[in-house]
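Subject: Structure handover

Hello,

Here is the structure for you to look over. My notes follow below it.

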There are 2 protein chains.
Amino acid sequence: MKQEAKSATSAPTTLWDRTRQLASQEILDTALRLFTQQGYDETTIAQIAREAGVSQRTLFRYFGTKEDLLGGGQDRFGQVLMDTISEQSAEAGVWEALRAGVAAVLALHDSREQALERFRLLHNTASLRAGWLEKRLRFQENLLPLIETRMDAATGNKGAKARAVIATAFACLDAASMTWVSNDGKGEIMDLYDECMAAVRG
Amino acid sequence: MKQEAKSATSAPTTLWDRTRQLASQEILDTALRLFTQQGYDETTIAQIAREAGVSQRTLFRYFGTKEDLLGGGQDRFGQVLMDTISEQSAEAGVWEALRAGVAAVLALHDSREQALERFRLLHNTASLRAGWLEKRLRFQENLLPLIETRMDAATGNKGAKARAVIATAFACLDAASMTWVSNDGKGEIMDLYDECMAAVRG
DNA sequence: ATCATGTTTGGCAGTCGCTGCCAAATAGTC
DNA sequence: GACTATTTGGCAGCGACTGCCAAACATGAT
């Protein structure tokens with residue numbers, strides 16, 4: 001039965017895999033198009049499935065959730081974040097490490113326009129925002145051990161402090177991206193991030 | 001039926017209003033009981049309505065959302081937060097003002113046990129967390145003008161900085177309350193808050 | 001007490017996201 | 001071509017939530 005554990009190294013892409021990928025991309029494109037055209041809440045799964053040429057059932061098999069249709073690589077975000085931070089040199093402080101992680105995640109976007117589009121949808125749709133914040137909270141929790149080790153835990157409550165530091169970094173990222181969106185993508189997000197950090201820790 | 005001996009909020013209430021209030025309280029109590037007994041996600045609206053002796057339709061008329069059954073006075077939180085902060089003296093800095101607001105909100109809980117119960121549910125239920133974060137984001141946005149005026153806007157992007165500062169305060173509150181919950185309510189949340197702030201801004 | 005008034009209530013049907021189940025279509029293998 | 005392993009689609013159903021309509025009800029006027 002269990003025949004998987006396949007190393008995706010080579011390219012023995014079976015026809016199945018290719019079809020899968022194609023369908024997946026078709027669904028994703030359709031979803032993003034409809035979302036930006038008529039809004040997230042106004043777009044139903046039925047409509048996406050219909051226009052993408054698959055059944056609802058199949059759509060849900062590819063993407064377990066309506067939110068997943070937008071945040072496609074959200075899980076990848078978390079992974080890159082963790083990887084980047086753990087790769088930082090041991091001498092790097094928490095703030096430095098977190099900054100590197102944030103920068104790495106921002107660099108993941110395909111293009112400036114795509115990033116702007118996604119951020120805009122995210123910041124303007126309550127239901128999406130909620131889901132995103134939730135997922136992000138999980139990232140924060142995963143980051144906890146990585147950051148704790150970098151903190152000079154003079155006194156107790158190391159956990160609380162690490163959590164606070166991590167959440168602060170995300171808070172600055174939020175403020176920065178919001179401002180960036182309301183400026184229609186003018187300037188660099190990381191510059192805004194640094195400004196926010198300065199305002200908080202200055 | 002039960003004759004509740006509650007703090008008599010004597011007023012020229014009509015029988016209607018009293019009945020309404022009673023039903024409302026009955027629903028709220030039932031919901032909280034079931035939530036803590038069997039979990040939030042595992043409790044259905046149908047069950048709450050049945051055990052509270054009202055129809056689903058009526059339940060939804062009192063509380064528009066399942067989440068509202070827990071966060072009863074969430075809107076009040078936002079109000080107290082705003083009021084407290086705007087009452088701070090003009091010389092008070094942003095951090096001082098925000099601290100006062102946080103303290104005021106925490107003081108709203110009826111009892112330590114109730115606060116612990118709610119926080120525990122909140123932190124352990126993904127769906128609840130998401131909704132709560134969303135609502136809080138709206139609070140933050142409301143706070144924006146109040147905080148902006150207290151910031152020495154030397155350079156531009158006052159909005160971004162104010163947002164970052166506000167979000168940082170909430171981040172510390174989060175870290176503090178999480179730690180408080182995992183310590184089973186030992187100690188003072190505000191002490192943890194101060195510790196988190198020190199870790200962030202120190 | 002009775003009637004008219006405006007409000008509250010409950011039931012029913014329906015939407016939307018999402019899941020389990022099962023039979024039919026399809027890719028890969030012999 | 002036959003056989004096996006997946007993938008797919010359709011259907012029924014759950015749970016939160018809404019609109020609609022008729023019955024139940026408190027209240028004020030008669």
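A note on terms first: helices (H or I, at least four residues) and strands (E, at least two) are DSSP runs, numbered from the N terminus. This is a predicted model, where local features need pLDDT of at least 70, side-chain atom pairs count only at pLDDT 80 or more, and totals for chains, interfaces and linings use all residues. Residues are numbered from 1 along each chain as its sequence is written, while chains are lettered from A and ligands numbered from 1 in the order in which they are written.

The fold. Chain A has nine helices and zero strands. Its C-alpha atoms fill a box of roughly 60 × 45 × 25 Å along the principal axes. Of the 202 residues in chain A, 30% are buried (20 or more other C-beta atoms within 10 Å of the residue's own, with C-beta atoms placed from the backbone).

Confidence. pLDDT is the predictor's confidence in each residue, from 0 to 100. Chain A has a mean of 88, and 91% of its residues reach 70 or more. Over residues 1-11 of chain A the pLDDT is below 50. Where pLDDT is low, the predicted coordinates should not be read in detail.

Domains. The bounds come from an automatic or database domain assignment. Chain A is given domain 1 (15-69) and domain 2 (74-201). Their centres, taken over C-alpha atoms, are 28 Å apart. Five residues of domain 1 of chain A are in contact with six residues of domain 2 of chain A.

The pair. How many residues of chain A are in contact with chain B? The count is 29 residues of chain A, in contact with 29 residues of chain B. Helices H7 (126-148), H8 (158-182) and H9 (189-201) of chain A each give two or more residues to this side. H8(A) gives the largest share, 15 residues. By class, the side of chain A that touches chain B has 17 nonpolar (Ala, Val, Leu, Ile, Met, Phe, Trp, Tyr, Cys and Pro), seven charged (Asp, Glu, Lys and Arg) and five polar residues (the others, Gly among them).

The same surface serves both: 100% of the contact residues of chain A recur in chain B.

Best wishes

Key. Contact = placed C-beta atoms within 7 Å. Buried ≥ 20, exposed ≤ 12 C-beta atoms within 10 Å, placed from the backbone.
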